[in-house]
Each structure stands twice: as C-alpha cells, then as structure tokens.
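Here's a quick briefing to read alongside the structure. Have the viewer open while you go through it.

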There are 2 protein chains.
Amino acid sequence: MDADLLIKNGVVIPMVGQKIFNRGAIAIDGDKIVAVGPTTEVADEYGARRVIDAGGAIVLPGLINTHTHLAMTLFRGVSDDLPVMKWLERIWSIESSLTPQDVYWGAMLGCLEMIRSGTTCFADHYFFMNQVARAVEETGIRGVLAQAIFDKWGPGDIDTSLEGGLNFAKKFRDTANNRITCMLGPHGTFTCSSDTLKRVRQTANEEKLRIHMHMAESKEEVDEVKKQHGKTPVRFLADIGLLGPDLLGAHAIYVDEKEMSLLKRTDTKVNHNPTTNTKGATGTSPVPEMLKRKINVSLGTDGAGSNNTLDMLEEMKVTAILHKLRLRDPSVLSAWQVLEMATLNGAKAVGLEEKIGSLEVGKKADLIIVKTDKPHLIPMHNVPSLLVYSANGNDVDTVIVDGRVIMDHRKILTVDEEEILRKAQEAFEGLLGRSGWKFSASKMPERQL
Amino acid sequence: MDADLLIKNGVVIPMVGQKIFNRGAIAIDGDKIVAVGPTTEVADEYGARRVIDAGGAIVLPGLINTHTHLAMTLFRGVSDDLPVMKWLERIWSIESSLTPQDVYWGAMLGCLEMIRSGTTCFADHYFFMNQVARAVEETGIRGVLAQAIFDKWGPGDIDTSLEGGLNFAKKFRDTANNRITCMLGPHGTFTCSSDTLKRVRQTANEEKLRIHMHMAESKEEVDEVKKQHGKTPVRFLADIGLLGPDLLGAHAIYVDEKEMSLLKRTDTKVNHNPTTNTKGATGTSPVPEMLKRKINVSLGTDGAGSNNTLDMLEEMKVTAILHKLRLRDPSVLSAWQVLEMATLNGAKAVGLEEKIGSLEVGKKADLIIVKTDKPHLIPMHNVPSLLVYSANGNDVDTVIVDGRVIMDHRKILTVDEEEILRKAQEAFEGLLGRSGWKFSASKMPERQL
C-alpha cells in the first residue's frame, strides 16, 4: 500500500502498554498513522514517498505540555530568586506594557523552543490569544488555546472578559487543519468571581468548550479563597459546579484527601508543574497519591518567566526525582509512569485522547525522534529511563506534527528561526524599555531612574 | 605581545566578583591565561596564532564536578526507581564482575559526557583508577583522582587497600602535564574502620595528599556509625582527626548545627549532589545554611548509575530550585551563588584554587563557550540566570583545558568518539552478561535464568 512517509529502524515506543519495537517502523499517510510495528512487516507492506531511517534512534509520541503561558518566554530571567509577591509585581509591571505584537513574537519563540525540545501539543493560557493562534498556524505545532479571563484583576486595558475569551474560542476552534483546539480560560479561583465562574461553566456546557484554569497553587490562594468563600479552592469549585471531566486544573498543590476524592469522582484533570512550583517554593502537588486514585495527572512546564524553560524532557526528570524525595521512597513514580504523564495523560487532559498521545493506527501522526548516539545516552537499554533521566530537549532530532515534518535533523522547516530569535530579542528590549526596566548581562532588570 | 589563542567578542564571566565583559576577550599562551578584559583592549595588545570569535556566546570558567564515579556511566539505567538497598544490591552484583578494561571504557565515556557538557575538571572516586588516569591523559580533561579504600566491604578481588590507593596516588600525581592530581579515597564512615581512617589521615599528612570520601549521606550510614562508634558521622570524623581543610566530604546531608560548626572550624570542604540524593530519596544537604556559615560547598553529579547524567548545567538548576522549596523561600541560592559553587568553590574543594575556578591572568586556561543563539536562551540578558536556569550540557559549544581546545564547535578533537561509544556499549553488554543480568529496551536489567 501507499503512504506518504515511512519511519523505519527506530526503537519505537508507541505508549501502548509497555511495548517497545526494537527495530520498529511507522507508516504515515496524510496526517494519520496507518501502521506501527516491526520494520520488517511495516516496510514490506507500505511503499512510501519519503523514508526516514531512524538508525536506532528512539521514536515516541510527541510530548504534550498541558500548562504554559507561551508568550512569557519574553519574561525569561526577568524575575528569579524572588518571593512570590515580588515576582508577581515585576511580571505585572512589565505585562502592563505588553502589546499583541509582543505576544506574537514571544509565542513564536516559545513554539520554536517547544518544537526543538520535542513538544508537539501544548495547552496555553494567556492574553491576545489570536497572536498565539497565529504562531501555531505558522510553526505547524498543535495548540489548545484559552484566553485568560479575569474579573478581579486584569493587566490594564487588555481584554480579559468571558465574552472576549468566548469570541476567541469560537473564531479559532478547529482551525489550522484542526491543529487548534480552544478552551475557556478563567484565570483562577480568586481572580474570578463566583458569578463569573458559574457563567464560565454554563458557557462551557452550551458551547462544548473545555475549561483550563489555575487551581490550588499557593498558600496565598487558599487563604484568599477561604476569605472570599469560606472554603478551600477545590471545595469551592466543587460547590459552584466547576469540577468535571472537561476541567483542566493546573498545579493542584493544596488538595487534601477529601478534595482528591472530589477530583476523582468528577474526573477533573490535573496538571503538574514541578519546576515552577519548586523554584517558586509554592509546594509540591501530591502526584503519586493522585495517580494511585486514578486521577489523570499530566505534565506542564508553566511559563518561561517562572521555569525558566519549556523543556518537557527536563520536566520529566524533575517530576520523577522530586516525589521520591518528598515521600522518602525512591520507588514512587517510575520512568514509565512519568512518560505516560507527558503523553497519554496529556492527551486526556485536553480531551484529545482519540487523536494524540500514543502511536496507534488512526491517530494523528504527532511524533518525535530522539537521537541516542551521544555519550550521555549510552549504554542503550532501558529506554524509558534514558528518556526520563538522561535525555534533554536538545537531544530531539526530528519532529512531526499532523504528518508533517516540522523539524528535520534539528532544522526548523516551517518558519525563519533566525528572524524569530532576532525579533523576540527586539520585542523583549522594547517591552522592557516601555515598562521602565533596564536590563543587563549580569543581573535581573532594574527599575530605570 | 604574542599569544597562542585569542577568544574575542564573548560575553565573558570571569567569576571574579560579579563582573561581566559584554564584549570580552581572553588571551591564552601555552596552558595559561595572559589577559582578560574588553575585546578592544585585549585584541589590541595580543596578536594570537589562532583567534576564536565567540560571536556573543558566553565564555566562563570550565565547570568543576567535585564528586563522581566516572566508570559508572556503564551503570546508567541499570538500577532506577528502587529502594537504596535494592539499588546497592544490583550495583554490587554487577560491580563484582568489573574489569580494568570496563573501567577504562566507562571512564572514556564519562570523560566525553563531561567535556560535552562543559566540565573541565572532576574529582573521581572508584576502582582501577589507573584506567581513569589513562582516560584523563587521552581525552585532555583535568582529573582529581582517588582510588577507593574499603576495609569492611569490598568488591571481590579488586584492590581497595590503603596501600593500593597510596601507590596509585604516588604513581600518577602531577602526571599528564599536571592535569592529574591525586587524593586518598577512603570510601566512607562505615565502610572503613577507625584504624584505617586514622592511617589515611597520617598518610595524607605525610604525603601531602588530600582526602575525598563519602560523609553523612544516609540515615542508614548515621545508624551504622552510631552503632559502631556511638556517635554521628561528622562527630566521629572530628574525633579521629579526619576533618580538615584537605578533606572533601561528599553529600553531607545529615549534619546538625554543631556539626556545621565543626566543618566550619576545620575548614572541611563539602560536596553537594542534589540529583542523586533527590532521586535516591536520601535527603537534602543544608547547603544555604552551610554557605551562610562560609563553609565551602561545591557541586557534583555523583555517578551516572544514580543521577543518571554527568551534566553540571543540569545539576546547577536542580541545586538552585531544590533549596528554595525545602526552605519555602524562593530567594535562597541565587544563580550567582550556584555558579560559584560549580566553579570557584569546586577549585577550592580540590585544592586547585590557585590554578583554576576563575578566568584570571596566571591561571590555567580551562574555559568553556556556551552558544546562546537558541530559542531557550533568548532573550539574552541576566546571563547567570540563563546558565543556571535555562541552559543544559548540550549548549556547550567549545571546551578548552590547559590552553588546548579539546572540543571545537561540538567536535571532540582528542579521541575517536564513535569508537568510544561503541566500545562502551560493548563493555556494558559484556559486563552485564558476565554478571548474569539480561538487559532490554523496555526495562531495567533482570536476572538471567
């Protein structure tokens, strides 16, 4: 049979059980996978217009980053090593000068960083999301986009209304050959009124849109929600009917036994951002505890303003080691479990489990090739361990989304990378200047006199 | 004046205070730095046989990894996600079949991994150290080598006597154009008798050799030392006179206030290995607390059998974020402090602070160039943050040790990398086979039937 693309001689991890094809192949026709199996079988059956010989490299589903703020790549390094309120003050002060153009270049930079480090699908939550949609369209990545909705705080004149978020979602859903999915994006439990959150739930049901929001991230949030509503964040969300299988709650650090039961019972999806929450000292989400209860926990990098990268391979390592220390048990969170969080669980988190998250016939061809002929990836065996504990984003060699090769042997094919790096740097410099901050090589930006 | 090598137009971080030259240059003659400053001045003064235009890349002292077991690269992925005793059982079972040849290929693989990720000097502690010395000699890296001394446990027929360790040190000290320094390597507080440790101290004093050992790493060690000697590890070492400015104690997790005072008073050097101790769930060393007391704390990756990489840039990020969470204070351990741990403090830890650890006139030319024209390293500003929070080992472009370029734009110049990768894989496969373990792509090695 005919296919557009055949990838052969890879160590293929389809993420179906713990099966691995040592010399595996994948046939792709159009945007879909049409065969997965041993190279001897698949290559026999399919004649392809293009053949990629993986030469022993690892082939796995593209990674799914389920919580980020893409344009915040422009905030990398502007606010490190600071208490959370000082961090926020800096970010808000600069964000108030943000333009749609800044968001475009920040999102383009973020898309490049994600593609280069093996992410093929991401869930984003920010302002001026039409610019992020543009970046998704142009770079060829897959995006699940939600425009931030606030009503108790908002960055200056930027539109953060429910109506704005809904209009964005209606306009862009299922665009870019269906690579763009849209969600509603209430910011969080204390930055939206209970009335707004109820309207979000109603709108989500009516419009069949999923919801992406921050949930139980910090002690400060817990205190504020208790003050406003007399209960903790997850209980508050349960009471107003926001929990549900279509809700993606990011962070979920402050959740007790009872709240885990609520999340489980409602099939609410949970996203984990260990690097940001470790660096920011906000706490650690009880991930192994939630996975044990069969709550769907996926993985995200959060924004580069707090992480400071969007590297999901690095995030997998931090996840795998952090919980071992917290629970004083090195056997919790195996490499396989963490790989599942970054692929299958990510797909479920954004409602795309029928389309992505594993390499199976009929699914979209979203996959990555990781080269292993490098000192830090030898000896070659126990591939889940190599990926989680030894590889990093720079080891990703080739990236395919929707059947299209968007990075080929580390070369980005869809956009002009050099121009984006230059424009993103200019956008950063312009933004800092407009908002009154002076930057330098040796330290964080300082207030201009 | 004449020089052999001029590096110009770099963002140069000499690690002298917090100075950065935005368009800096370094002149190197023979194995030494002869000038550091703005490109305009240095390039005017020095005519060099070779010029490297860094083109805006970051130039900094080579990173110093002060605790590893280099040949354990062959153990990468053989023992993950297991309780410490099961981890040890596996490692020991395989180690008992280790040959000098295995150590050679493991050390060559480890040298490559370190060079590629920006380490120019490492402190190693293992068996068959003449093989590691050979790897240092051939690859061009700098090594501080100690042969493991045990008397309460030892891997089969391998020589782990004090005499063996001393003979190794005498034979190899100051070889390889002084790139090899030797230390004495008693394994630890519970694997050496108090008599042996006293003899180590006496020998160290007589022979002017420094000492490198494991110290206060695990609860199990504390319990065992208490049982054997009626006191905790650091108190025990203090009482038998082992503490001192020439002792490098690795891990130092179980140290209380009183023990920190002992370490400070004796100027004992402490090495921190956060990834291994997080993944292994042994605990976290009170690093900010020790730095506050002006104890010299340096950074190490430990072996790839536990980490599972030798990437000091990654280790810096784990260090910087981990303590913020532990102390619930995002302002502890700034990027600058962590950079110091990985450079200056590392040099002091191994007694080479007169020669390496910073870019200063008269010091050895051990330095690295990190390219930043990549999405995850844009925007370019706040360079310490970029290095600690965003870069990883794969971003290192060029490595110079002793004035010699050993990696040039990611190409290793000193040895045949392809052959080493192949031989290391073969050594791993042979070792596993001899020791009765079957390996596969999908999981950790299993006992052969």
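How many residues of chain A are in contact with residues of chain B? This is a predicted model, and in it 61 residues of chain A touch 61 residues of chain B.

**How the copies are related**

**The interface**
- The copies meet through the same surface, because 100% of the interface residues of chain A are also interface residues in chain B.
- On the side of chain A that touches chain B, at least two residues each come from α3 (100–116), α11 (274–279), α13 (312–326), α16 (383–390) and α17 (417–434) of chain A.
- α16(A) gives the most to that side, with five residues.
- By type, that side of chain A splits into 27 nonpolar, 21 polar and 13 charged residues.

**The sheet in chain A**
- Eight strands of chain A make an open, parallel sheet, ordered β6-β7-β8-β9-β10-β11-β12-β13.
- β6 (63–68) and β13 (297–299) of chain A sit at the edges with a single partner strand each, so one side of each has no neighbour in the sheet.
- From one strand to the next, the twist averages 25°.
- β10 (residues 210–215) and β11 (residues 247–251) of chain A pair in the parallel sense over five bridges, and A:M215 stands opposite A:H251 in β11(A).
- α13(A) packs on the sheet, touching β6, β7 (119–126), β12 (269–272) and β13 of chain A, and its direction makes about 130° with that of β13(A).

Notes
Residues numbered from 1 in each chain as written. Chains lettered and ligands numbered in written order. Predicted model: local features only at pLDDT ≥ 70, side-chain atom pairs only at ≥ 80, totals over all residues. Contact = placed C-beta atoms within 7 Å. Helix = DSSP H or I, 4+ residues; strand = E, 2+ residues; numbered from the N terminus. Nonpolar A, V, L, I, M, F, W, Y, C, P; charged D, E, K, R; others polar. Pairing = 2+ DSSP bridges. Axes fitted to C-alpha atoms, helices over the stretch in contact; angles between N-to-C directions.
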